[in-house]
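I opened this model to look up its sheets, its helix packing and a loop. My entries follow in the order I made them.

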Amino acid sequence: MAVIVEDISRTFQEFLLLPGLTTKNHVPSRVSLKAPIQRFKRESGPRACLNIPFVSASMQAVSGAGLATALARKGGAAFIYCSQPIAEQAAMVREVKEHKAGFVESDSNLSANATLRDAIELREKTGHSTIAITEDGGRHSKLLGILTDKDFWEFKDDLSKPVRAYYTPLEKLVLAEEGISLQEATEKLWKHKKECLPIIDRQGRLKYLVFRKDYFDHKSNPDELTDDKKRLFVGAAINTHDYKERGAALVEAGADCLCVDSSDGYSEWQADAVSYLRKEYGDKVILGGGNVVTKEGFRYLVEVAGVDFVKIGIGGGSICITREQKGIGRGQASAVLEIAAERDKYFAETGTYIPLCSDGGLNNDTQVIVALAMGADFVMMGKYFAMTEESPTPKVTYQGRVFKPYWGEGSNRARNWQRYKDSGGEGMLFEEGVDAYVPYSGPLSEKLNVTLGKLRSTMCNVGVLSLKEFHEKAQLTRVSELTLVEGGTSTVERFDRVQSS
């Protein structure tokens, strides 16, 4: 007969943190949120680390180049999704690696023969009022001048006229050559009282634009996560089918980290993929594996496959229906607690620390905090990031509210046949994910700032200043249904609800 595990499958919602002594030393500004993402030896200490314990899920509706750039600038990392052609995924990775904070590749470009109407249409499309006028209208061709909304009046001028009669020509621009530092470029902007500084190469071809406002944006992101060449850090997902070709292309494009994207990582297929990539690239790239929900799965990925970090969770995602469809999975809190205990046991036995990523089952900031307290080094989220401005899906308005499309990699919409296909034929026999909409939450930076503020404040309440201390000192208590009611606002009529009624 089947073995019945007596332990109840528990969720993060069933736990609360108990406060510890908060000393005068425990203030949010002193809290470090650095989290290891690569296995390390006790004697050497952590190697590669995230500056904040957040990564985004490798999903089509979440991790595009735009979100990967924004998240790395905040100190986290995105995993560019692999359910796309190899060349397209590699191009996304390359786009993130080529991003230079403060150095912007122009996405608003026209030739001198374009009309003012073309300029207005381009402005409406991109939202940018600074347009580079180049020899052939390309972003990296010879620069002729710059057109801004101050150069013409759309309500008075003849919009059929070419922009050559309106743009500021090259000889009247303040320019800089490629190789200038951001500090030098900013000083030049201030000296000449300009808002934009075009950067050109020796042949006069446009390379970048530096905007005065971006200098302040750069200064407001001190936790930016970069590699040893000061390029933004980016991860990429791989599968167990074309990992040889895909892995080679992603490493060549500059991916810092590869993670196998699988709903069930306790398999020989995954061990084969990780073992091959480790042999091929050594420690040049960080390798993650998963997903697992048991200590046996953890041991297999660490000892047999040789992963750098382990991803925990099956069926807990907001649009994942693996548990419903296949009856496989585990409550996320139970999975994290068991595997964190096994990770600590493995560390005591071998002196090698394996970082853990909790993936799924996170419905609010409180549950993120509980996951980290239970032993996760960092968390992976899909819906959280899908709601932001930087996710790759378009905004949709419905009944006066703004939403963004969001679908699972196991849904028909994802057309992710390689990950979800029956061995006997092509296509999907059933779905393991759904197609939905999530409410738009605004810029990623603003959303993350709130979550990070809550996390730092909670850690001070517990009396810790690092995630390592959080793991060691956090005390949690299980809650009853009445505790959940007591902790809410059911006995009063909330003011914000009265206003909206």
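**Entry: overview.** I began with the inventory: the protein has 16 helices and 24 strands. I noted at once that this is a predicted model. I then looked up burial, and 51% of the 501 residues count as buried. For contacts, I took those between residues at least 6 apart in sequence; 64% of them join residues at least 24 apart.

Entry: Eight strands make a closed barrel in the order 5-6-14-15-16-17-19-20, and the pairing is parallel. From one strand to the next, the twist averages 25 degrees.

I checked individual pairs. Strand 14 (residues 235–238) runs parallel to strand 15 (residues 257–260), joined by four bridges. I looked up the partner of Ile 238 and found Val 260 in strand 15. Helix 6 (residues 243–253) packs on the sheet here and touches both strand 14 and strand 15. The direction of helix 6 makes about 170 degrees with that of strand 14.

I then looked for another helix on the sheet. Helix 11 (residues 365–373) packs there, touching strand 5 (54–56), strand 19 (356–359) and strand 20 (378–381). Its direction makes about 140 degrees with that of strand 20.

**Entry: strand 20.** I stayed with this strand and looked up its partners. Strand 5 and strand 20 run parallel and are joined by three bridges. Opposite Val 55 I found Met 380 of strand 20. Strand 19 also pairs with strand 20 in the parallel sense, over three bridges. There, Cys 357 has Phe 378 as its bridge partner.

Are the faces of strand 20 covered or open? Both are covered. Phe 378 and Met 380 lie on one side, Val 379 and Met 381 on the other, and all four are buried.

Entry: Strand 12 (residues 196–200) pairs with strand 13 in the antiparallel sense, over five bridges.

Entry: The buried set includes Arg 73 and Lys 74. Just after the helix, Gly 75 takes a positive phi of about 115 degrees.

I listed the contact: Leu 67, Ala 70, Leu 71 and Lys 74 from helix 1, with Leu 444, Ser 445, Leu 448 and Asn 449 from helix 13. By class, I logged five nonpolar, two polar and one charged residues.

**Entry: helix 8 and helix 10.** Helix 8 (residues 295–305) packs on helix 10 (residues 332–350) at an angle of about 45 degrees, with axes 9 Å apart. Helix 8 is therefore oblique to helix 10. Helix 8 passes helix 10 in a right-handed crossing. On the helix 8 side I found Lys 295, Glu 296, Phe 298, Arg 299, Val 302 and Glu 303. On the helix 10 side I found Glu 338, Ile 339, Glu 342, Arg 343, Lys 345, Tyr 346 and Glu 349.

Which classes make up this contact? I logged four nonpolar, no polar and nine charged residues.

**Entry: a loop glycine.** I ended at Gly 137, in the loop between strand 8 (131–134) and strand 9 (143–147). Its relative accessibility is 23%, so Gly 137 counts as partly exposed. What does Gly 137 touch beyond residues up to four places away in sequence? I found Asn 109, Leu 110 and Ser 111. The C-alpha atoms of Gly 137 and Leu 110 are separated by 4.1 Å, though the two residues are 27 apart along the chain.

Methods:
Residues are numbered from 1 along each chain as its sequence is written. This is a predicted model: local features need pLDDT of at least 70, side-chain atom pairs count only at pLDDT 80 or more; totals for chains, interfaces and linings use all residues. Side-chain values use heavy atoms; hydrogens and water are left out. Axes are lines fitted to C-alpha atoms, for helices over the stretch in contact, and angles run from 0 to 180 degrees between N-to-C directions. Helices (H or I, at least four residues) and strands (E, at least two) are DSSP runs, numbered from the N terminus. Angles under 35 degrees count as roughly parallel, over 145 as roughly antiparallel, 65 to 115 as roughly perpendicular and the rest as oblique. A crossing is left-handed if the near helix is turned anticlockwise from the far one by less than a right angle, and right-handed if clockwise. Contact means heavy atoms within 4.5 Å. Ala, Val, Leu, Ile, Met, Phe, Trp, Tyr, Cys and Pro count as nonpolar, Asp, Glu, Lys and Arg as charged, and the others, Gly among them, as polar. Two strands pair if DSSP finds at least two bridges between them. Buried means under 20% relative accessible area, exposed over 50%, partly exposed in between (1.4 Å probe, protein chains only).
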